[in-house]
Amino acid sequence: MSRNLVTGLRRRRRENPMAAHDRLPAPARAWVTRAVLPWSAASVARVWSHALRETGCETMALERLSAIEARMIARDKGGDTCDA
C-alpha cells in the first residue's frame, strides 16, 4: 500500500497566509483590512508591485487596487438575476 505515497511530481509549496499578509507593505495591509472582497496576500502583492513599477507612487498603487476591486464588484453585480 505504500506505493501510493511515492510520486515523482513536485509538491506544491503551501505558505502560511498570515506570514504572507505580514510581508505586505503597511499601506497595502491597511487597504486589505478595508477591502470589500476577500483578497489573497499574493494577489495584493502582485498588483501592488506592478503598480509601483509603473507609477512609483504608493497612492496610485492603492488607487489601482481600489479600481480593480470596483470592477470585480461591478462585474459580479451585473450577473445578478434577482428581482429584489
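This is a predicted model: local features need pLDDT of at least 70, side-chain atom pairs count only at pLDDT 80 or more; totals for chains, interfaces and linings use all residues.
Colleague: What share of the contacts between residues at least 6 apart in the protein chain joins residues at least 24 apart?
Modeller: The share is 34%.

Colleague: How much of the protein chain counts as buried?
Modeller: Of its 84 residues, 21% do. The test is a relative accessible area under 20%. The chain exposes about 7100 Å², and carbon and sulfur atoms supply 53% of that area.

Colleague: What makes the largest nonpolar core a core, and which residues have the most contacts inside it?
Modeller: Its members are buried nonpolar residues joined through side-chain atoms within 4.5 Å, so they form one connected set. There are 15 of them, and those with the most contacts inside are Leu24, Trp31, Trp39, Val44 and Leu65. Helices α2 (26-34), α3 (41-55) and α4 (58-78) each give two or more residues. The most come from α3, with 5.

Colleague: Which residues does Val44 touch, leaving out those up to four places away in sequence?
Modeller: Leu24, Ala28, Trp31, Val32, Trp39 and Leu65.

Colleague: Why is the pair Arg64 and Glu54 called a salt bridge?
Modeller: The N to O distance is 2.8 Å. The cut-off is 4 Å, from a side-chain nitrogen of Lys or Arg to a carboxyl oxygen of Asp or Glu. The pair of Arg64 and Glu54 at 2.8 Å therefore qualifies. The count by this rule comes to 1 salt bridge.

Colleague: What does the pair of Arg64 and Glu54 tie together?
Modeller: Arg64 sits in α4 and Glu54 in α3, so the pair links parts 10 residues apart in sequence.

Colleague: How do you know whether Arg64 is buried, exposed or partly exposed?
Modeller: Its relative accessible area is 27%. Buried needs under 20%, and exposed needs over 50%. The value for Arg64 lies in between, so Arg64 is partly exposed.

How values were computed
Residues are numbered from 1 along each chain as its sequence is written. Side-chain values use heavy atoms; hydrogens and water are left out. Buried means under 20% relative accessible area, exposed over 50%, partly exposed in between (1.4 Å probe, protein chains only). Contact means heavy atoms within 4.5 Å. Accessible areas come from the Shrake-Rupley method with a 1.4 Å probe; for residues, only the protein chains shown count as cover. Helices (H or I, at least four residues) and strands (E, at least two) are DSSP runs, numbered from the N terminus.
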